Amino acid sequence: MELKTLLADIASAIREKDGSEGEITASAFPERIRAIRSGVELESIQITTPPARTEYIAGEGFDPAGMVVTAVYSNGARLDVTGYSVEPAGALTEDTESVTIRYTEGGRSAETAVAVHVVYVTVYGAEWAGTSSTKLTRTDAAAGFQDPSPAVGNGTGSSPFDNILPWSGMKRVKDSQVGELVEIPKFYYKLTQNDRKLKIQIAGEPAPGFSVSPAHMDRGDGKGERSVVYIARYHCVTSTYKSETNKLPASNMRQDTARTAIHELGANIWQSDFAMRLTIWLLYLVEFADWESQGCIGYGCSANGSLENNGKTDQMKYHTGTTTEDRTTYGYVQYRWIEGLWDNVFDWLDGCNYDSRGFNIILNPADFGDTGGVCVGKPASGSASAMTVSTAADFPMFYPVEGKGSISTYATDCWYYEESCPCLYVGGSYVQRQTYGLFFVIYNSSTSSRSVGCRLMKLP
């Protein structure tokens with residue numbers, strides 16, 4: 001509304017209340033309003049516009065954003081007011097059913113209530129400050145946790161998340177159709193961006209403001225939300241494209257060739273996609289609170305710089321670690337039983353592509369392809385140094401918008417964008433490089449390469 005129109009409306013309201021006629025200048029507004037309200041008392045307050053948010057997790061405070069409180073006076077006047085108090089003023093508890101809004105004026109007070117729903121949900125979080133440090137700060141129920149200690153060699157390891165869902169629900173599963181898989185139970189997550197800061201939160205049950213984990217969400221394929229999904233423990237192997245140990249990973253194939261061969265294994269078997277990769281990213285970031293996956297778990301890639309059989313981690317007693325005796329020696333790694341997330345061969349990444357619009361997401365596996373999808377934005381090429389959150393594809397995700405980092409700063413791993421090369425692959429290969437890791441993403445025109453393989457997923 002233009003200022004001139006606003007002033008005219010105020011003058012008109014004053015004339016209506018005091019019965020005057022003629023022009024009223026803006027400088028006279030305060031005196032005329034005081035005259036109108038002389039002898040007028042506050043009678044009540046009303047919530048004329050409810051707050052944007054009424055559902056909370058126990059421990060959060062009431063958020064009045066969007067709420068409009070209107071005072072009602074003895075002469076019938078109604079004015080929107082601020083300066084009200086909220087009770088309780090601090091953290092809400094599970095038994096809180098409403099908050100009291102109280103407004104005082106002229107020695108008189110009036111109050112009303114806003115109904116709220118508060119649930120008790122344990123949330124585990126990690127926040128990146130967006131600085132050059134690769135470390136995230138643990139938040140929520142994870143605030144006091146120590147860093148995990150992944151295995152080296154075939155030794156043991158430990159993590160404070162080992163008895164906490166969804167991490168504790170990740171397990172190896174034999175599948176008659178495709179070989180060995182890793183089961184991932186459904187969870188809930190929230191991404192919050194505040195300037196350069198990025199906060200990741202995970203809950204094992206529904207929570208206000210949280211979304212269903214990406215791989216488990218309703219993909220529009222008629223199946224609805226899935227309680228569990230499965231990712232291949234191993235890279236797909238030559239000829240059969242199954243997830244099998246002691247066999248050479250398939251490589252040197254186009255993405256569409258891998259896509260077709262994998263889906264021929266079963267109606268609910270698909271090439272692993274971005275939603276699955278993001279699901280693994282979220283789990284890793286909250287657990288390890290550090291972008292540097294190679295430094296936290298192991299360099300991976302390959303022990304001797306050449307392509308070798310799957311199953312190098314089969315003798316590992318613990319679900320996460322490296323086959324070598326120290327983390328800075330190249331070898332083979334696994335995270336929560338998933339082998340080779342950044343070693344031996346890259347994996348084609350389905351359910352996404354690049355074009356002139358930017359980075360596109362496809363959720364329904366039946367629509368997977370090298371083109372199409374919902375554009376979520378244009379990533380920055382290079383070692384990620386700043387992230388942004390997008391919900392354009394109807395679920396929260398992050399991607400880099402600045403690439404000024406290095407192998408030891410910011411988010412470390414490189415993400416490369418090229419609009420003329422639509423296909424993506426992720427992870428690392430048998431080439432021994434510290435630029436590889438869990439968050440490494442690079443483009444390809446879908447031509448075959450000996451360093452690029454594939455991985456399957458099962459969506460029951």
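## An open antiparallel sheet

In this predicted model, strands β1, β3 and β4 make up an open sheet of 3 strands, arranged in the order β1-β3-β4 with antiparallel pairing. Strands here are DSSP runs of E with at least two residues, helices are runs of H or I with at least four, and both are numbered from the N terminus; two strands pair if DSSP finds at least two bridges between them. At the edges sit β1 (42-49) and β4 (78-81), each of which pairs on one side only. From one strand to the next, the twist averages 35°, with axes fitted as lines to C-alpha atoms (for helices, over the stretch in contact) and angles taken between N-to-C directions on a scale from 0 to 180 degrees.

For I47, the bridge partner in β3 is V69.

A word on how to read the model: residues are numbered from 1 along each chain as its sequence is written, and side-chain values use heavy atoms, with hydrogens and water left out. Since this is a prediction, local features need pLDDT of at least 70 and side-chain atom pairs count only at pLDDT 80 or more, while totals for chains, interfaces and linings use all residues.

Strand β27 (residues 386-390) is largely enclosed by the rest of the structure, because 4 of its 5 residues are buried (buried means under 20% relative accessible area, exposed over 50%, and partly exposed in between, with a 1.4 Å probe and protein chains only). Its antiparallel partner is β28 (residues 397-402), and 5 bridges join the two. S390 stands opposite M397 in β28.

Together, β27 and β28 form a hairpin with 6 residues between them. In the turn, have a look at D394, which has a positive phi of about 75°.

## Two cavities

The structure holds 2 cavities of 30 Å³ or more. A cavity is a set of points on a 1 Å grid over the protein atoms alone where a 1.4 Å probe fits but cannot get out, and its lining residues have an atom within 4 Å of a point. Points are joined across faces, edges and corners, and a volume is the space filled by probe spheres set on them.

The largest cavity contains about 70 Å³ of space. Its lining includes I231, R277, W348 and R455, and divides into 6 nonpolar, 1 polar and 3 charged residues (Ala, Val, Leu, Ile, Met, Phe, Trp, Tyr, Cys and Pro count as nonpolar, Asp, Glu, Lys and Arg as charged, and the others, Gly among them, as polar). Both α4 (274-288) and β22 (346-349) supply at least two lining residues, and β22 gives the most, with 3. The second largest cavity holds about 60 Å³. Among the residues lining it are W281, M387, F398 and D413; by class, the lining has 9 nonpolar, no polar and 1 charged residues.

## Aromatic pairs

Across the whole structure, a search finds 29 aromatic pairs. Rings of Phe, Tyr and Trp (its six-membered ring) pair if their centres lie within 6.5 Å; planes under 30 degrees apart count as stacked, over 60 as edge-to-face and the rest as tilted. Y124 and W167 are both buried.

W281 and F398 form a stacked pair, 5.8 Å centre to centre with 25° between the planes. Because W281 belongs to helix α4 and F398 to strand β28, the pair ties together parts 117 residues apart in sequence. W281 and F398 are both buried.

Terms used:
On a 1 Å grid over the protein atoms alone, a cavity is a set of points where a 1.4 Å probe fits but cannot get out, and a pocket is an open set with protein on both sides within 12 Å along at least five of seven lines; lining residues have an atom within 4 Å of a point.
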